[in-house]
Amino acid sequence: MISIISAIGKNNEIGKKNGLLWSLPADMKHFREITSGHTVIMGQKTFESIGRPLPNRRNIILTLDKSYLRHGVDVVYSPEELEDLLRTSPQPSPSQGEGEEVFVIGGGMIYKLFIEKADKLYITHVDAEFPDADTYFPVIDENIWQKIKSEKHPKDDLNKYDIEFAEYIKKVS
């Protein structure tokens with residue numbers, strides 16, 4: 001199962017200059033809890049912005065740069081190569097069986113590539129606008145996606161904005 005996880009602003013903003021637009025410890029904790037023990041897929045720029053493989057996860061980088069290699073991660077150069085890798089190699093959570101959830105974690109180009117292939121979205125809605133953003137999440141089409149869960153967290157001393165943890169599933173057509 002392919003899931004996408006992201007935090008987005010009111011206008012689907014997700015980043016600026018290959019970085020996040022906010023510091024939200026509650027969202028980072030939420031991200032760790034959901035993705036821990038699973039495979040995470042990201043683009044090269046996202047990996048470079050993180051600077052290291054995410055612990056307790058299988059890290060896969062999707063890039064068009066055929067010379068790109070990094071220690072401690074799997075690197076693939078096309079969506080087809082990614083599909084082959086996922087199909088033929090063991091997942092980090094064997095107890096999960098064949099339905100293991102794989103997470104697409106960014107960035108913008110990778111989200112656009114996988115939005116139609118995804119089965120589930122984990123979205124942190126950040127209650128703010130970021131006019132200087134340069135990277136955006138695809139529009140969540142309500143004709144395709146149904147919100148099945150919502151948990152609101154008001155801003156506090158550590159989290160500058162109100163946030164909502166939402167989960168969406170693809171509607172059956």
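Phe114 touches Ile2, Ile4, Leu62, Leu82 and Val104, leaving aside residues up to four places away in sequence (contact means heavy atoms within 4.5 Å). That makes a handy starting point for a tour of this predicted model, in which local features need pLDDT of at least 70, side-chain atom pairs count only at pLDDT 80 or more, and totals for chains, interfaces and linings use all residues. Residues are numbered from 1 along each chain as its sequence is written, and side-chain values use heavy atoms, with hydrogens and water left out. Helices (H or I, at least four residues) and strands (E, at least two) are DSSP runs, numbered from the N terminus.

**Phe114 and helix α4**

- Phe114 lies in helix α4.
- With 3% relative accessibility, Phe114 counts as buried (buried means under 20% relative accessible area, exposed over 50%, partly exposed in between, with a 1.4 Å probe and protein chains only).
- Asn18 is 96 residues from Phe114 along the chain, and their C-alpha atoms are separated by 19 Å.

**The sheet**

- Eight strands form an open sheet in the order β5-β4-β3-β6-β1-β7-β10-β9, and the pairing is mixed (two strands pair if DSSP finds at least two bridges between them).
- β5 (74-76) and β9 (145-153) stand at the edges with a single partner strand each, so one side of each has no neighbour in the sheet.
- From one strand to the next, the twist averages 20°.
- Strands β3 (residues 39-43) and β6 (residues 102-104) run parallel and are joined by three bridges; here Val40 stands opposite Phe103 in β6.
- β7 and β10 are antiparallel partners over seven bridges, with Thr124 opposite Phe165 in β10.
- β9 and β10 are also paired in the antiparallel sense, over eight bridges, and Glu151 has Phe165 in β10 as its bridge partner.
- Six of the eight residues of β10 are buried, so β10 is largely enclosed by the rest of the structure.

**Helices across the sheet**

- Helix α1 (residues 25-35) lies across β1 (2-8), β3, β6, β7 (120-126) and β10 (163-170), and runs at about 35° to β10 (axes are lines fitted to C-alpha atoms, for helices over the stretch in contact, and angles run from 0 to 180 degrees between N-to-C directions).
- Helix α3 (residues 79-88) lies across β3, β4 (58-62), β5 and β6, and runs at about 160° to β4.

**Ser6 in strand β1**

- Ser6 is found in β1, and its 8% relative accessibility means that Ser6 counts as buried.
- The side chains of Ser6 and Tyr111 are joined by a polar contact of 3.4 Å (a pair of N or O atoms within 3.5 Å; within protein, one must be able to donate a hydrogen and the other to accept it, and residues adjacent in sequence count only if both atoms are side-chain atoms).
- Not counting residues up to four places away in sequence, Ser6 touches Ile14, Tyr111, Tyr122, Ile123, Thr124 and Phe137.

**The largest pocket**

- The largest pocket has a volume of about 1,200 Å³. On a 1 Å grid over the protein atoms alone, a pocket is an open set of points where a 1.4 Å probe fits, with protein on both sides within 12 Å along at least five of seven lines. Grid points are joined across faces, edges and corners, and a volume is the space filled by probe spheres set on the points.
- Its lining holds 42 residues, and Thr46, Ile105, Gly106, Gly107 and Gly108 lie nearest the centre (lining residues have an atom within 4 Å of a point).
- Elements giving two or more residues to this lining are β1, β2 (13-15), α1, α2 (44-50), α4 (108-114) and β8 (135-136).
- Helix α4 supplies the largest share of the lining, six residues.

**Backbone features to check**

- Most residues other than glycine have a negative phi, and most peptide bonds are trans.
- The peptide bond from Gly106 to Gly107 is cis, with omega near 5°; Gly107 is found in the loop between β6 and α4.
- Asn12, in the loop between β1 and β2, has a positive phi of about 70° although it is not a glycine. At 15% relative accessibility, Asn12 counts as buried.
- Asn56, in the loop between α2 and β4, also has a positive phi, near 60°. At 56% relative accessibility, Asn56 counts as exposed.
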